[in-house]
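Hi everyone, thanks for coming.

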Amino acid sequence: MEVALLSFSSSLSPLCHNRAVTTLTPKPSNHPRLPVIRSAVSRSKKEETVETVKSHLENCHLLAAINYKGLTVKQFQDLRRTLPDTTKLVVAKNTLVFKAIEGTKWEALEPCMKGMNAWLFVQTDEIPSAIKPYRSFQKERKLEDNDFAGAVFEGKFYAPGDFKSLETMPTRAEVYAKLLGALQSPAINLVSTLQAPAIEVIMVLKAYVKKLEDESNNNA
């Protein structure tokens, strides 16, 4: 129909000719609605990414940035297969991750908001065992340049040079064993501790755990 109308001879009145052209000529490719649609889709994807990051932060004990520049899709797939269920690996733009963590304790990660990062969400307090899979992956594939850019644990920022203290933290079982040993000798200390109000018992336990962690860090 369009071809027939556009092939009319010039003997048609200008009004009729203009009406046919105006009505049936395809709209130019730079139709103003197209960028609006693309922008809406892009905005939706960004919001989805921010919400994904926020959901992974629930019950998260440690969030680390990994420099992933140069890693292939297959390498990412291989890495994900080595991670435990309690650890998630997400590739997201720094700006979107920062939008998700802004105003939270994770905001201490701001020094990592540069370069190309993948984000490791550790949802367990067994930090060394959560970090080990990436260390093994990094060593096996000789990816020295793809190192941790930083991490936040208990609100504190850990630079790449500080990761040894995270990787050598005592496990929960080791902490419990040392704690039980300390409480059992002398026995009177254990009795007096158990007779104290619950909040005092908790504070004693936390203080002792921190002492063990500090000793571990000093010996690292």
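Let me start with a question: how do the residues lining the second largest pocket divide into nonpolar, polar and charged? The lining has four nonpolar, two polar and five charged residues. Here Ala, Val, Leu, Ile, Met, Phe, Trp, Tyr, Cys and Pro count as nonpolar, Asp, Glu, Lys and Arg as charged, and the others, Gly among them, as polar.

Before going on, a word on what you are looking at. This is a predicted model, in which local features need pLDDT of at least 70 and side-chain atom pairs count only at pLDDT 80 or more, while totals for chains, interfaces and linings use all residues. Residues are numbered from 1 along each chain as its sequence is written, and side-chain values use heavy atoms, with hydrogens and water left out.

Back to the pocket. Its lining residues are F153, E154, K156, Y158, S165, L166, M169, K210, E213, D214 and N217. Strand 5, helix 7 (163-167) and helix 10 (198-219) each give two or more residues to that lining, and helix 10 has the largest share, with four. The space in this pocket is about 270 Å³. By pocket I mean, on a 1 Å grid over the protein atoms alone, an open set of points where a 1.4 Å probe fits, with protein on both sides within 12 Å along at least five of seven lines; lining residues have an atom within 4 Å of a point. The volume is the space filled by probe spheres set on the points, which are joined across faces, edges and corners.

Now the overall fold. The chain has 10 helices and five strands, taken as DSSP runs numbered from the N terminus, with helices being H or I of at least four residues and strands E of at least two. The five strands form an open sheet in the order 2-3-1-4-5, with antiparallel pairing; two strands pair if DSSP finds at least two bridges between them. Strand 1 (residues 62-67) and strand 4 (residues 148-153) are antiparallel and joined by five bridges.

Helix 4 (residues 73-82) touches strand 2 and strand 3 (117-122), and its direction makes about 160° with that of strand 2. Helix 6 (residues 127-140) touches strand 1, strand 2, strand 3 and strand 4, at about 165° to the direction of strand 4. Those angles, from 0 to 180 degrees, are between N-to-C directions of lines fitted to C-alpha atoms, for helices over the stretch in contact.

Next, helix 3 (residues 33-57), where E48 is found. E48 is partly exposed because its relative accessibility is 48%; buried means under 20%, exposed over 50%, and partly exposed in between, with a 1.4 Å probe and protein chains only. H56 is in helix 3 too, but at 18% H56 counts as buried. Beyond its neighbours within four places in sequence, H56 contacts K88, V90, F121 and Q123, contact being heavy atoms within 4.5 Å.

E48 also leads us to L96: 48 residues apart in sequence, their C-alpha atoms are 9.8 Å apart. L96 is one of the buried residues of helix 5, along with N94, V97, F98, A100 and I101. So helix 5 (residues 94-101), with six of its eight residues buried, is largely enclosed by the rest of the structure. Just after helix 5, G103 has a positive phi of about 85°.
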